[in-house]
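Student: Please take me through this structure by question and answer, with the criteria behind each term.

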Amino acid sequence: MRNTRRKLFYFLGAIPIVYLLIFYTLPLGIIFEKAFEGFQTLLQTSGLLQKLGRPLAFTLYQAGLSVILTVLVGFPIAYLFSHFHFKGKKLFQAAVTLPFILPTVVVAAALNSLIGPSGWLNLALIHIFDLASPPIQIMNSLEIILLAHIFYNTSIFVRVVGAAWAQLETEQEQAARTLGAGVWQRFWFITLPLLKQSILSAILMVFLFDFTSFGVILMLGGPSFSTLEVEIYLQTTQMLNLPLAGLLSVIQMGITFFISWFILRDSHTGIVTFLPDIKNERMQKAASGKQKILLILLLTFIFLFFVLPELSLFFRSFIFIETDGTFKFTLDFYKELFHNVHGSLFYISPFTALKNSLTYALITTLIAGLLGIIAAYGLLNARKSKVLRALVLLPLGTSSVTLGLGFLLAFPRLSLFQKYPQILIPIAHTLVALPVVINTLYPAFASIPANLRAAAGNLGASPMKVLQKIDLPLIRNSLLVGALYAFILSLGEFGATSFLTRPEYPTMPTAIYRYLSLPGSLNYGQAMATSCILLTLCTFSMLLIERFMLKDKRS
Amino acid sequence: MKKPCLSIRKIHKDYEKNPLLDGISFDLHEDETFCLLGPSGSGKSTLLRVIAGLEKADAGSILWRGKDISGIPVEKRNFGLMFQDYALFPHMTVAENIAFGPRMRGWSKAAIQKRVEQTLQIVRMEKFSDRRVLELSGGEKQRVALARTIAPEPDLIMLDEPLGALDKTLRDELGQVLHEILNELHIPTIYVTHDQEEAFTVANTIAVLNFGNILQMGTPEEIYNTPASLWIASFLGFSNQIPGSIKQIDPLLIASDVGDFSLSESEHISMKKGGDVTLVIKPDMIRAASRKNGSNLIQGTVKDSQFRGDGYRLSISTKNDATLHFRDTMRREIGQPITLEISPAMLLVYSGNHA
C-alpha cells in the first residue's frame with residue numbers, strides 16, 4: 001500500500017519532466033539537427049556571414065540602446081517610488097507596471113493609436129494646421145522601437161531597483177555623511193555600489209527582453225528592421241529557408257541562455273517583484289520646492305509616457321473617421337466584433353479570435369497550474385533542487401519564436417496534430433507560462449516550515465494528503481497569482497502563436513496583427529477595439545495579482 | 001575646568017507630537033568623556049543625531065567653540081559618529097572603510113595610507129586591513145567602526161551604544177579596550193549607553209536622561225552615591241525599596257515595617273514629621289549584626305545565597321514578606337534567621353511612597 005503510494009508520487013513528479021522533454025527538449029533538438037544538417041549547404045551560400053551578422057548586429061545594437069535609455073528613464077522613477085510618499089502613489093506604480101504585462105500587440109496598437117499615421121497626435125495636427133498628410137512619421141523607425149522597449153521594460157528596472165533602494169538601510173549613507181561625504185559622493189561611493197547587484201540583474205533582464213523582442217520589431221519597426229527573432233520568422237514563413245532559420249535560432253539560444261544563466265545565478269526574486277510598502281526614513285513627503293518640482297515633473301512624465309498610450313487606445317476604439325476627416329463617435333467596432341460582414345474566407349472574425357484566445361488561455365492556465373504545482377512541490381523535495389530548478393526555468397530563456405519554430409519542425413507532421421492543429425497552441429503557451437508559475441509557487445512552498453509537514457506526517461497524513469491539506473491551502477494566494485500570470489501570458493502570446501496559428505484559428509494577438517497590417521478605417525478600428533478588450537483583461541488580471549500578492553504578504 | 005567646547009542649549013524635538021527632547025542643556029569640555037545614560041526611548045540617540053546634524057532640533061541651539069552650528073550640514077561638522085550597529089560599508093574592505101573619511105576630505109594617498117595603518121594600530125587590528133567587513137566577528141566590526149570614526153581626526157567623537165551589539169564577555173573585554181583608547185585619544189567624547197556599569201567605566205561626567213530631560217548630572221561617584229531621585233535609584237538597579245515615614249527630623253529617623261533607620265540628612269525629601277518616604281537600601285556588602293535591638297537593623301530569614309565569583313548574593317525575606325538583596329562574604333544556609341546591620345551610608349531616602 002505504502003509502496004504504491006510512493007510510486008504514484010514519483011510517477012506524478014515525473015510528469016513535468018516528461019512534458020519538458022517532449023515539448024521543449026525535442027523541438028530544440030530538432031532545430032539543432034536542422035541547423036547542422038543544412039550547415040554544409042549553407043556554408044556555400046554567398047554572404048552567409050552577412051545574413052547572420054546583420055540581424056545579430058542590429059539585435060545587439062537596438063537592445064543595447066534600449067537598455068541604456070530604459071536605465072535613464074527608470075532610474076529617476078525608481079528614485080521617486082523609493083523616496084517619496086504622495087497621493088495616488090499606488091495608481092502611478094500600477095501605471096508603470098501595467099506595460100510589462102501587456103501583450104506586444106496591444107503595446108503596438110496603443111502606440112499606433114497615439115502617434116501612428118491615424119493616431120491622435122497626427123489627427124490633431126492635421127486638423128489644426130489643415131495638413132494633407134500626417135506630419136509625424138515615426139512608424140517603421142528605430143525611434144519607435146526604442147520607445148516601445150522603454151515603455152515595456154522600465155517597469156522591470158523600476159521594480160527591481162526601486163525595491164532594493166527602498167529596502168536599503170539609511171545608516172550607511174548617514175555614516176558616510178558624518179565622515180564628510182557630500183550628496184554626490186554618497187551616491188557614488190555608497191548608494192550606487194550597494195545597488196549594483198540589483199541594477200545589474202535589472203539590466204540583464206531588460207537586455208534579455210529587448211534582445212528577444214519580436215512583436216514590437218515586427219509591428220512597429222516594419223520591414224527594414226530585422227532582429228534575430230524577426231529574421232527567424234521571416235526565413236521560416238516567407239523564405240522557407242529552414243536551415244538558416246535553425247542556425248539563427250541556435251545563435252539566439254546560445255546568447256539568451258548565457259544571459260539567463262547570469263540572471264538566474266544571482267536573482268533571488270521572482271520575475272516581477274512588487275514594490276514593498278516600506279516606511280523608513282528614506283520614504284518622505286516631498287518637502288522642499290526642488291523636491292516638489294521633481295515630483296510633479298516625474299509624475300507628468302509617467303502620465304504622458306505610461307498612461308496616455310492606453311487612454312489613447314481606449315478612446316480611439318470609439319472613433320470613426322470619415323473620408324473627409326470628420327470624427328464620429330461609434331460603437332461599430334465593438335458591434336462588428338460579432339458578425340462577419342465581409343463573409344470572406346480570409347476575413348478574421350474578432351469574436352472567434354476572442355473565443356479562441358480565452359479557450360487557449362484557460363487550457364494553458366489549467367495545464368501550467370497543475371504542472372507548476374507538481375514541479376514546485378517536487379523541487380522542494382528533490383535532491384539537487386538547485387540544478388533542477390535552473391533546468392525547469394530554462395524555457396524562460398528561450399525566445400518564443402524559437403519555441404514556435406521548434407514546434408513547427410517537430411510536431412505538425414504527426415497525425416494527431418494534423419487533425420487538431422490548434423492543440424499545439426496551448427501546449428506552447430504552457431511552456432512560456434510554466435517557468436513563471438514555478439517561480440511564483442516555489443518560494444511559496446519553500447516558505448512553509450518543514451516542521452508543519454513533518455507534524456502532519458507524524459499525525460498520519462500521507463505525502464499526498466500533506467500536499468492537499470497543508471501545502472495547497474497555505475499557498476492558495478500564490479497559486480492564484482501564478483494562474484493569473486499563466487492566463488495573461490497565454491492571452492498575449494504572439495511569437496510562438498504566429499508560427500502555429502492557422503487562419504481559421506486566430507487568437508486576439510494574431511488578429512490584431514492582421515488588422516493593423518490591412519488598410520482601411522474599419523480594420524484599424526477593429527484593431528483598436530480588440531486591443532482594448534485585451535488591455536482590459538490584462539489590467540484586471542494585474543489588479544487581481546497585486547491584491548493576492550498583498551494578501552500573501554499580510555498573512 | 002577648561003572652557004566648554006560644545007554647548008547644548010535648550011534642545012527641543014518632538015516626535016509625532018510627543019516631546020522626545022524637552023529642553024536639554026549641557027556643556028562638554030576638552031578631553032572629557034561625557035556619558036548620556038538612560039533607558040531606551042529616553043531620547044539619548046536622538047540627541048546624538050541632532051548634534052551630528054542628521055536630525056534637526058525644533059528649538060534650541062548647539063554651539064561649537066562659541067559658534068552656532070545649526071546651519072552647518074552633517075558632512076561639514078567634522079564630528080565622528082559611531083552607529084549602534086556600526087553601519088560599516090559592506091562593499092569595502094576594512095582599510096577602505098577606514099580610509100573613507102580621509103578620502104572625502106581630500107587627503108593625499110600617502111597620508112591616507114599612513115592614517116589607516118595608524119588607526120588600525122590604535123584599535124589593535126593591524127592584520128585585518130584587507131579583510132572584507134562582512135567576514136568580521138561582532139567585536140572586530142566594532143573596532144573597525146571605531147577606527148573609521150576616528151580616522152578623519154574628528155573634533156568630537158560620538159559613540160551610540162558602542163558595546164550594545166556584543167555579548168557579555170566581549171562587552172567587558174572591549175569596554176576595557178575602548179576605555180584605554182578613549183584615554184589615549186584626547187578627543188572630547190559623548191558616549192551613549194543604557195548600561196550604568198559601562199557609564200561608570202568610561203565617563204568623567206554622566207548625565208542621566210529620561211523623558212527627554214537630564215535628570216541628574218555629575219561624576220560617576222556622585223551619581224552612584226546620591227541618585228537624585230527614586231527613579232534614578234531604581235534605574236541604577238537599587239531594588240531594595242521599603243515604604244516608610246519620618247519619625248524624627250533632627251537627627252533624621254525613618255520608621256518602617258522592617259524597623260527604624262537613622263541616616264545622615266538628605267536633600268531629597270521635604271522634611272515634615274510623619275511624611276511618607278521611600279527608603280532605598282543599596283545592595284552593598286553586608287555583615288551580620290552583633291546586636292538585637294536598636295535602629296538600622298533588618299531581621300529576616302535567608303531566602304537564597306548564590307555564589308557570584310567575587311562574592312555571594314544574599315536574598316532575605318523580611319517579616320512582612322519583602323525580599324531584599326545584598327552582596328555577602330559567605331554562603332549562608334537557606335531558612336536560617338538572620339539580622340543585618342545597615343550602615344547609614346547604604347541608605348537613601350526619597351519623598352513619597354512608591355507602593
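Student: Which element of chain A has the lowest mean pLDDT?

Tutor: This is a predicted model, in which local features need pLDDT of at least 70 and side-chain atom pairs count only at pLDDT 80 or more, while totals for chains, interfaces and linings use all residues. Residues are numbered from 1 along each chain as its sequence is written, and chains are lettered from A and ligands numbered from 1 in the order in which they are written. Chain A averages a pLDDT (the predictor's confidence in each residue, from 0 to 100) of 82, and 91% of its residues score at least 70. Among the elements of chain A, helix α8 (residues 171-178) has the highest mean, 91, and the lowest, 71, belongs to helix α14 (residues 332-336).

Student: Over which residues of chain A is the pLDDT below 50?

Tutor: The stretch has 13 contacts in the model beyond near neighbours in sequence; two residues are in contact if their C-beta atoms, placed from the backbone, lie within 7 Å. The pLDDT is below 50 over residues 269-274 of chain A.

Student: How many helices and strands does chain A have, and what radius of gyration?

Tutor: Helices (H or I, at least four residues) and strands (E, at least two) are DSSP runs, numbered from the N terminus; chain A has 25 helices and four strands. The radius of gyration is taken over C-alpha atoms, and the globule rule is 2.2 Å times the number of residues to the power 0.38. For 555 residues the rule gives 24 Å, so chain A is as compact as a globular protein of that length, with a radius of gyration of 25 Å.

Student: What percentage of the residues of chain A count as buried?

Tutor: A residue is buried if 20 or more other C-beta atoms lie within 10 Å of its own, exposed if 12 or fewer, and partly exposed in between, with C-beta atoms placed from the backbone. Helix α17 (residues 400-410) of chain A is mostly covered, with ten of its eleven residues buried, among them A:L403, A:F407 and A:L409. Over the 555 residues of chain A, the buried share is 45%.

Student: Is A:S541 buried or partly exposed?

Tutor: A:S541 lies in helix α25 (residues 521-554) of chain A. Leaving aside residues up to four places away in sequence, A:S541 touches A:L484, A:F487 and A:I488. Because 19 other C-beta atoms lie within 10 Å, A:S541 is partly exposed.

Student: How do the residues on the side of chain B that touches chain A divide into nonpolar, polar and charged?

Tutor: The contact takes 15 residues from chain A and 16 residues from chain B. On the chain B side, α2 (74-77), β6 (79-82) and α3 (94-104) each supply at least two residues. Ala, Val, Leu, Ile, Met, Phe, Trp, Tyr, Cys and Pro count as nonpolar, Asp, Glu, Lys and Arg as charged, and the others, Gly among them, as polar. By that scheme, the chain B side divides into eleven nonpolar, three polar and two charged.

Student: How far apart do the C-alpha centres of domain 1 and domain 2 of chain B lie?

Tutor: Domain bounds come from an automatic or database domain assignment, which for chain B gives domain 1 (4-231) and domain 2 (235-351). Eight residues of domain 1 are in contact with six residues of domain 2. The domain 1 side of that contact has six nonpolar, two polar and no charged residues. The C-alpha centres of the two domains are separated by 38 Å.

Student: Which are the edge strands of the open sheet of four strands in chain B?

Tutor: Two strands pair if DSSP finds at least two bridges between them. In this sheet the order is β2-β1-β4-β5, with antiparallel pairing. Five bridges join β1 (residues 4-15) to β4 (residues 59-64), where B:L6 has B:W64 as its bridge partner. Pairing on one side only marks the edge strands of chain B, β2 (18-29) and β5 (67-68).

Student: Which residue takes a positive phi in the hairpin of β12(B) and β13(B)?

Tutor: Strand β12 (residues 253-256) of chain B pairs antiparallel with β11 (residues 241-248) over four bridges, and these two form a hairpin with four residues between them. β12(B) also pairs antiparallel with β13 (residues 260-262) over three bridges, with B:A255 opposite B:D260. Three residues lie between β12(B) and β13(B), and a positive phi near 150° is taken by B:G259.
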